[in-house]
Amino acid sequence: MDLFLQALINGILLGGFYALMGMGQNIIFGVMKIVNFCHGEMLMVGMYLTFLLYTFVGIDPYLALPLVALMMFGLGALIQHTLITPSLKTKSFTNLLFLTVGLGLLLSNGALVLFGSDYKSIRTSYSQTTLQLGLVSIALPKLISFCVLIVVTIVLFIFLKNTTTGKQIRAVSQNPVGAEVCGINVKRIYLLTYGLGIALAGMAGCLLTQFYSIFPTAGAGFGFRALIVVVVGGLGSIPGAFFAGILLGLLEQMSALFISPSYSDMIVFITFIVILVARQLIIMRRR
Amino acid sequence: MLKVSKLNAGYGSVNILWDIDLELNDGEIVAVLGSNGAGKTTMVRAITGMIRPTSGSVIFNGEELAGKSSRTILNSGIVQVPEGRQLFTEMTVLENLEMGAFSKETKEHFRENLKKCYKWFPKLEEREKQAAGTLSGGEQQMVAVARALIGMPKLLILDEPSLGLAPNIVDDILLVAKTLVKETNISVLLVEQDITKALATADRGYVVENGHIALSGSASELAANEHVKKAYLGI
């Protein structure tokens, strides 16, 4: 029972990261209709940025969060402006696919050249602190990260729902022609959206650093899971992405507990395929 | 107020509009008529800057607009109700209307303009909080017109307002357009396939065929024209 509770808590805490990654991927896909295949690598970049800020400047990972978010936003906006906008003009999905896949390879190999392949980690005074809640123990950094994740999710939700820019982002994602008719600066929205999506991935990376090793391919698994979150949670839905992320985390932890940790990746992807097929069958039956 | 001369435009290397000449005076409703594929929507897109004309000029209140961005043209006072409405279907009616306020000026006047729109289309006030996609076709067209009016147009372009709507709803929309022109200082460019209704509403009209202006004249002249009768009215 206590093992089950422990897996439940861990699943929710881990799922928060998948949710954050999924939300970033979701708004990028929703607005520009491109799948950002370097999303996981952006998480890894966020991790290294946090590592550098901690090691050389001595900034606590949680205090570094806004800084990392800002830098990642800038990186995203720069990539959008110099690489994606020109490629969008070709209207070729294949171009953008290769572009983002290539960027991902460039980033992970760049990290390999700069930092080597050995695992790095950040150890703060509180990284090993755990809280004992009845039968389960929770690592303090995980709990703090999860709380931050929830705040970020709520802020993002309110931003998209209530601010003018947020509404413009939704407008472009629902109808780009209508948006242009209304005089919305679609290019500016693309810039903001890609920056925002990348900033979310970077934030996930930053929050992960205290209990996850930092290495050049650290983001790959998270990148793939972000795609699952988008598909399962539904396009354009922040709450959908959030709950899909949590469910995915739970699924992974539960299969690790009840079957075997080494099969959890496989089980996640098999479940994903089953959901896709089942959804297709339901849609076909309705027609 | 609007003078289009020798306008050419198309997509890629395909030219669709050939030397279009068109004029619209203050307080007028001018119809652009033609069948499907004649180039009417391309003309709207070229005038509003959504595609860049290859040559020719579009002068609006003394200002050359050909080649300007769609945002600049919008700011000069030409607002369109696009073909197929192009609403934000998952956003509420009110949010759709908010998106119509693009400039500082239109944002400042949003509340009073919203009140006016609700006076024109009382149904929209009832459905303010409803997602636009859940509305009927006629109500969606009202949202599209209201969204354009929030942008405080001097020239309102209605692109195929009749598309997919019941005849009595089209009458309602066209009546609003007529009243707008009479009571405010808005002019209307009415692009339509439904030629009977368009000529009943407009002061003057142009007939577009294969990307050329084939005919022009007052609404009554066009309605009496043998070619128009034969080709479009089936008389």
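Q: How does the radius of gyration of chain A sit with that of a compact globule of 287 residues?
A: Keep in mind that this is a predicted model. The C-alpha atoms of chain A fill a box of roughly 60 × 55 × 35 Å along the principal axes. A compact globule with 287 residues would come out near 19 Å, so chain A agrees with that, its radius of gyration being 19 Å.

Q: How many helices and how many strands does chain A have?
A: Walk along from the N terminus and you get α-α-α-α-β-β-α-α-α-α-α-α-α. Count those up and chain A comes to eleven helices and two strands.

Q: What share of the chain A contacts with a separation of 6 or more comes from residues 24 or more positions apart?
A: Start with burial: 46% of the 287 residues in chain A count as buried. As for the contacts with a separation of 6 or more, the share from residues 24 or more positions apart is 76%.

Q: Are H1(A) and H8(A) roughly parallel or roughly antiparallel?
A: Packed helices are described by the angle and the distance between their axes. For helix H1 (residues 2-32) and helix H8 (residues 186-208) of chain A, the axes come within 9 Å and cross at roughly 170 degrees. An angle over 145 degrees counts as roughly antiparallel. H1(A) and H8(A) are therefore roughly antiparallel.

Q: How many nonpolar residues does the side of chain B that touches chain A have?
A: The contact takes twelve residues from chain A and 18 residues from chain B. On chain B, helix H2 (70-75) and helix H3 (93-99) each supply at least two residues of that side. The chain B side divides into five charged, five polar and eight nonpolar.

Q: Which strands stand at the edges of the sheet in chain B?
A: The sheet is open, with four strands in the order S2-S1-S4-S5 and antiparallel pairing. An edge strand here has a single partner, so one of its sides is left without a neighbour in the sheet; that describes strand S2 (14-24) and strand S5 (63-64) of chain B.

Q: Which residue in S4(B) is the bridge partner of Asn8(B)?
A: Strand S1 (residues 2-11) and strand S4 (residues 55-60) of chain B pair in the antiparallel sense over five bridges. Val4(B) stands opposite Val58(B) in S4(B). For Asn8(B), the bridge partner in S4(B) is Ser55(B).

Q: Which residue in the turn between S4(B) and S5(B) has a positive phi?
A: Two bridges join S4(B) to S5(B), which run antiparallel, and Phe60(B) has Glu63(B) as its bridge partner in S5(B). The two strands form a hairpin with two residues between them, and the one in the turn with a positive phi, about 45 degrees, is Asn61(B).

Q: How many of the residues of H1(B) are buried?
A: Helix H1 (residues 40-47) of chain B lies across S1, S2 and S4, at about 70 degrees to S2(B). Its buried residues include Lys40(B) and Arg45(B) as well as Val44(B) and Ile47(B). H1(B) is mostly covered, and the buried count is eight of its eight residues.

Note on methods: Residues are numbered from 1 along each chain as its sequence is written. Chains are lettered from A and ligands numbered from 1 in the order in which they are written. This is a predicted model: local features need pLDDT of at least 70, side-chain atom pairs count only at pLDDT 80 or more; totals for chains, interfaces and linings use all residues. The radius of gyration is taken over C-alpha atoms; the globule rule is 2.2 Å times the number of residues to the power 0.38. A residue is buried if 20 or more other C-beta atoms lie within 10 Å of its own, exposed if 12 or fewer, and partly exposed in between; C-beta atoms are placed from the backbone. Two residues are in contact if their C-beta atoms, placed from the backbone, lie within 7 Å. Ala, Val, Leu, Ile, Met, Phe, Trp, Tyr, Cys and Pro count as nonpolar, Asp, Glu, Lys and Arg as charged, and the others, Gly among them, as polar. Two strands pair if DSSP finds at least two bridges between them. Axes are lines fitted to C-alpha atoms, for helices over the stretch in contact, and angles run from 0 to 180 degrees between N-to-C directions. Angles under 35 degrees count as roughly parallel, over 145 as roughly antiparallel, 65 to 115 as roughly perpendicular and the rest as oblique.
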